[in-house]
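Trainee: Hi! Could you walk me through this model before I set anything up with it?

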Amino acid sequence: MTSIEPILKYFPDITERQRGQFAALHDAYAEWNARINVISRKDIDELYVRHVLHSLAIAAVCRFDSGARILDVGCGGGFPSVPLAIMFPEAQIVAADSIGKKITVVKGVCEAAGIGNIDARNVRVEQIGQRFDYVVTRAVAQTAQLVTWVWDKIERGRCGTLANGMLCLKGGDLRQELAATRMAWHEYPIAGIFDEPFFETKKVVYAER
């Protein structure tokens with residue numbers, strides 16, 4: 001589906017500017033993907049469900065306050081950071097990836113869609129010295145590895161509807177993976193938020209700092 005209908009289905013109150021920005025993503029990603037393949041070619045036509053709406057599952061679980069500082073670890077082509085930046089224009093997002101061509105795509109898409117609140121960095125996350133309110137990720141690494149990379153970069157507090165912490169997009173049976181972190185995680189099945197079949201086994205998992 002190449003229209004933003006899946007977004008409007010669940011987020012009908014977005015502004016005209018946000019509608020325009022979401023609408024701009026399809027052509028921007030199609031153009032950049034033709035140069036630098038960051039999304040499987042069959043997924044471009046499913047961009048709004050499989051990538052944009054999937055990213056926005058985090059927004060359905062936690063609404064970020066104005067000024068919230070968010071780090072997207074291993075952002076790839078900009079998911080979940082690009083959709084979250086559109087949804088929360090007053091948040092400040094750092095999108096980090098160690099692969100330079102992926103950051104090139106993020107910067108190009110942000111320019112095309114008029115997104116000004118993402119700082120896209122070609123850097124390993126361990127090298128980032130600043131602190132954040134939330135860390136977000138999508139299927140980057142095992143959760144225990146993510147915790148070692150970023151947990152000490154999260155400040156305690158509450159800059160959204162959930163206390164500061166980590167929000168990860170994951171799939172399948174996560175019991176062993178999450179248990180390995182020796183931390184308390186809350187699982188939000190995305191199938192309970194969005195009714196598209198794509199989300200049947202997918203989850204947002206959250207841990208409070």
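Mentor: Happy to. One term before we start: rings of Phe, Tyr and Trp (its six-membered ring) pair if their centres lie within 6.5 Å. Also keep in mind that this is a predicted model.

Trainee: Got it. Which residues form one aromatic cluster?

Mentor: The cluster is made up of Tyr 10, Phe 11, Phe 194, Phe 198 and Phe 199. One of its members, Phe 198, also has the charged end of Lys 202 sitting over its ring, 4.7 Å from the centre.

Trainee: Which other ring has a charged end over it?

Mentor: Trp 32 has one: the charged end of Arg 35 sits over the ring, 4.1 Å from its centre.

Trainee: Back to Tyr 10. What does its side chain make a polar contact with?

Mentor: With the side chain of Glu 196, at 2.8 Å. Glu 196 belongs to the loop between β6 and β7. Leaving out neighbours within four places in sequence, Glu 196 is in contact with Lys 9, Tyr 10, Val 49 and Leu 53.

Trainee: Is Glu 196 buried or exposed?

Mentor: Buried. The cut-off is under 20% relative accessible area, and Glu 196 has 15% relative accessibility, so it counts as buried.

Trainee: New topic, the sheet. What's the strand order?

Mentor: The order is β3-β2-β1-β4-β5-β7-β6, an open sheet of seven strands with mixed pairing. The edges are β3 (118-122) and β6 (186-189), each of which pairs on one side only. On average, neighbouring strands are turned by 20 degrees against each other, direction ignored.

Trainee: And how many bridges join β1 to β4?

Mentor: Three, and the two strands run parallel. Across from Leu 71 you will find Val 135 in β4.

Trainee: What about helices on the sheet? Which strands does α5 touch?

Mentor: Helix α5 (residues 100-113) touches β2 and β3 as it packs on the sheet, and its direction makes about 160 degrees with that of β3. Helix α6 (residues 143-150) lies across β1, β4 and β5, running at about 155 degrees to β5.

Trainee: Where is Asn 117?

Mentor: Asn 117 is in the loop between α5 and β3. With 8% relative accessibility, it counts as buried. A polar atom of its side chain lies 3.1 Å from the backbone oxygen of Phe 88. Not counting residues up to four places away in sequence, Asn 117 touches several residues, including Ala 85, Phe 88 and Pro 89.

Trainee: Phe 88 again! How many aromatic pairs does the structure hold?

Mentor: Seven. Phe 88 forms an edge-to-face pair with Phe 64, 5.1 Å centre to centre and with 70 degrees between the planes. Phe 64 is in the loop between α3 and β1 and Phe 88 in the loop between α4 and β2, so this pair ties together parts 24 residues apart in sequence. Phe 64 is buried, with a relative accessible area of 7%, and Phe 88 is buried too, with 6%.

Trainee: What's the geometry of the pair between Phe 64 and Tyr 134?

Mentor: That pair is tilted, at 4.8 Å centre to centre with 55 degrees between the planes. Tyr 134 lies in strand β4, so the pair ties together parts that are 70 residues apart in sequence. Tyr 134 counts as buried, at 0% relative accessibility.

Key. Residues numbered from 1 in each chain as written. Predicted model: local features only at pLDDT ≥ 70, side-chain atom pairs only at ≥ 80, totals over all residues. Heavy atoms only, no water. Pairing = 2+ DSSP bridges. Helix = DSSP H or I, 4+ residues; strand = E, 2+ residues; numbered from the N terminus. Axes fitted to C-alpha atoms, helices over the stretch in contact; angles between N-to-C directions. Contact = heavy atoms within 4.5 Å. Buried < 20%, exposed > 50% of the residue type's maximum accessible area, 1.4 Å probe, protein only. Polar contact = N/O pair within 3.5 Å; in protein donor to acceptor, adjacent residues only side chain to side chain. Phe/Tyr/Trp six-rings, centres within 6.5 Å; stacked < 30°, edge-to-face > 60°. Lys NZ or Arg CZ within 6 Å of the ring centre and 35° of its normal.
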